[in-house]
Structures are given as C-alpha cells and as structure tokens.
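I opened this notebook to record what I looked up in the structure. The entries follow the order of my reading.

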Amino acid sequence: MTRPAEFRDLSDEDLAARLDASKEELFNLRFQLATGQLDNPMMIKAVRHDIARIMTELTQRRLAAEEGAAS
C-alpha cells in the first residue's frame, strides 16, 4: 500500500502510468478471485484504495490548474 505523500512527489505522467498498472493489477486479482487462485483477498481492497488515492491526487492537480488558469 502506497501512502498519499508518495503520490504527491510523482509527475502526472508517472501517476497515469501507476493508475493504468493498478487497474490492470485489480483486474488480475479479480480474475484470480473468480478462479479460486487468490491467496489474499485483502489485496483487492488495498489496490482499490491505491487507485482512489491516485485519482484523488490527479483530480486535485487538475482543479488547482483550473483555479490557477481562472485567476
């Protein structure tokens, strides 16, 4: 699980890449859950939280950029 402060240090491109990788990992975990191969079902929750943290950071950056452009 990654802390929100670690996401703040990344660039937008890195965050987008992490988001894509996390979504792919979530898909794979769900597939493993459906086939009965998932050892730790709590990994799904952790990856979902990471996705939410990344999306929150991207949204905050987008809103800050819009606010700065409007001023």
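I began with the elements: helices (H or I, at least four residues) and strands (E, at least two) are DSSP runs, numbered from the N terminus. By that naming I placed Ser22 in helix α2.

I noted that this is a predicted model, in which local features need pLDDT of at least 70, side-chain atom pairs count only at pLDDT 80 or more, and totals for chains, interfaces and linings use all residues. Residues are numbered from 1 along each chain as its sequence is written, and side-chain values use heavy atoms, with hydrogens and water left out.

Entry on Ser22. The terms are set by relative accessible area: buried means under 20%, exposed over 50%, and partly exposed in between (1.4 Å probe, protein chains only). I then looked up its contacts, where contact means heavy atoms within 4.5 Å. Apart from neighbours within four places in sequence, Ser22 is in contact with Val47, Ile51 and Ile54.

Entry on the core. A nonpolar core is a set of buried Ala, Val, Leu, Ile, Met, Phe, Trp, Tyr and Cys residues joined through side-chain atoms within 4.5 Å. I found that the largest one has ten residues, namely Phe7, Leu15, Leu19, Leu26, Leu29, Leu38, Ile44, Val47, Ile51 and Ile54. The elements that give two or more residues to this core are α2 (12-35) and α3 (42-70).

Entry on the helix pair. How do α2 and α3 run relative to each other? I took axes as lines fitted to C-alpha atoms, for helices over the stretch in contact, with angles from 0 to 180 degrees between N-to-C directions. The axes of α2 and α3 come within 9 Å and cross at roughly 155 degrees. Angles under 35 degrees count as roughly parallel, over 145 as roughly antiparallel, 65 to 115 as roughly perpendicular and the rest as oblique. The two helices, α2 and α3, are therefore roughly antiparallel to each other. From α2, the residues making the contact include Asp12, Leu15, Arg18 and Ser22, and from α3 they include Met43, Arg48, Glu57 and Arg61. I sorted the residues by class: Ala, Val, Leu, Ile, Met, Phe, Trp, Tyr, Cys and Pro count as nonpolar, Asp, Glu, Lys and Arg as charged, and the others, Gly among them, as polar. The contact of α2 with α3 has twelve nonpolar, one polar and eight charged residues.

Entry on other positions. Asp20 lies in helix α2 and counts as exposed because its relative accessibility is 53%. I located Asp9 in the loop between α1 (4-8) and α2; Asp9 is exposed, at a relative accessible area of 68%. In the loop between α2 and α3 I found Asp39, which is exposed at 77%. Asp39 and Leu29 are ten residues apart in sequence, and their C-alpha atoms are 9.8 Å apart. Asn40 also lies in the loop between α2 and α3, and is partly exposed at 37%. I recorded a C-alpha to C-alpha distance of 39 Å between Asn40 and Ala65, which are 25 residues apart in sequence.
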